[in-house]
Amino acid sequence: MPSPPAGDMDRFMRLTYLLVDVGSRVLRQLLNHHTVTPTCTLDQYLANNRSTLVSLLKRKVLHQPQMDILFPPNGGNTNLEDYDVTLLSTLFNNVVPSLTQQEESMIKSLREDRNNLYGHAKSCKMNASEYQTCWNSISSTLTTLIQQCGDPNFQNEIL
């Protein structure tokens, strides 16, 4: 079986990095921005919403490994670095009521991009035209979201 051209795979991997690595970090910043205050930590915010999260587990919207990330079985604090795009979008959709309509739309778009890129991928190849279209869309969304948080630190990675 012939190997795909390196450029096609490189483009796919760059987009995966943008969505998985940078996208997750941007969404974590946004979650922090909407939930953490001088009087409320992320752990407290989650504890205040535990009944909602348990109902999501019962309805199979959340799964036990995700609940274990939110509420570690050892009793320790949750670690925001363990949150992926799927868990973050579930939290935004169900327990973060302070999102703007624009933020909700952009989070939904990122989740769909993630699903289309590698959740439902048929190949790890991507031509230059597809790549440019996807990169522009995703980077624009991430740039707008991170500006909502007032944190420009990701700007160089996104552009």
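**Entry 1: Val-22**

I began with Val-22, which sits in helix 1; helices here are DSSP runs of H or I with at least four residues, numbered from the N terminus. Val-22 is buried, at 0% relative accessible area. I take buried as under 20% relative accessible area, exposed as over 50% and partly exposed as in between, with a 1.4 Å probe and protein chains only.

A note to myself on the model: it is predicted, so local features need pLDDT of at least 70 and side-chain atom pairs count only at pLDDT 80 or more, while totals for chains, interfaces and linings use all residues. Residues are numbered from 1 along each chain as its sequence is written, and side-chain values use heavy atoms, with hydrogens and water left out.

**Entry 2: salt bridges**

How many salt bridges does the structure hold? I found two, counting a side-chain nitrogen of Lys or Arg within 4 Å of a carboxyl oxygen of Asp or Glu. Side chains of opposite charge can pair when their charged atoms come close.

One joins Asp-21 to Arg-25, at 3.1 Å from N to O. Both residues belong to helix 1 (residues 6-35) and are four residues apart, about one turn of the helix. Asp-21 is partly exposed at 32% relative accessibility, and Arg-25 is partly exposed at 23%.

Another links Arg-28 and Glu-81, whose closest N and O atoms are 3.7 Å apart. Arg-28 is in helix 1 and Glu-81 in the loop between helix 4 (64-70) and helix 5 (85-94), so this pair ties together parts 53 residues apart in sequence.

**Entry 3: rings**

My search of the whole structure turned up one aromatic pair. Tyr-131 and Trp-135 make a tilted pair, 5.8 Å centre to centre with 35° between the planes. For the record, rings of Phe, Tyr and Trp (its six-membered ring) pair if their centres lie within 6.5 Å; planes under 30 degrees apart are stacked, over 60 edge-to-face and the rest tilted. Tyr-131 and Trp-135 are four residues apart in helix 7, so about one helical turn separates them. Tyr-131 is buried at 12% relative accessible area, and Trp-135 is buried at 13%.

I also checked for charges over rings, meaning NZ of Lys or CZ of Arg within 6 Å of the ring centre and within 35 degrees of the ring normal. Arg-50 lies over the face of Phe-71, 4.0 Å from the ring centre.

**Entry 4: Lys-60**

I placed Lys-60 in the loop between helix 3 (50-58) and helix 4. Lys-60 is exposed, with a relative accessible area of 64%.

**Entry 5: the lining of the largest pocket**

Last, I looked at the largest pocket, which 14 residues line; Phe-12, Asn-116, Leu-117, Met-126 and Glu-130 lie nearest its centre. Helix 6 (101-119) and helix 7 (128-149) are the elements that give two or more residues to this lining. A pocket is an open set of points on a 1 Å grid over the protein atoms alone, where a 1.4 Å probe fits, with protein on both sides within 12 Å along at least five of seven lines; lining residues have an atom within 4 Å of a point. Which element gives the most to the lining? I noted helix 7, with four residues.
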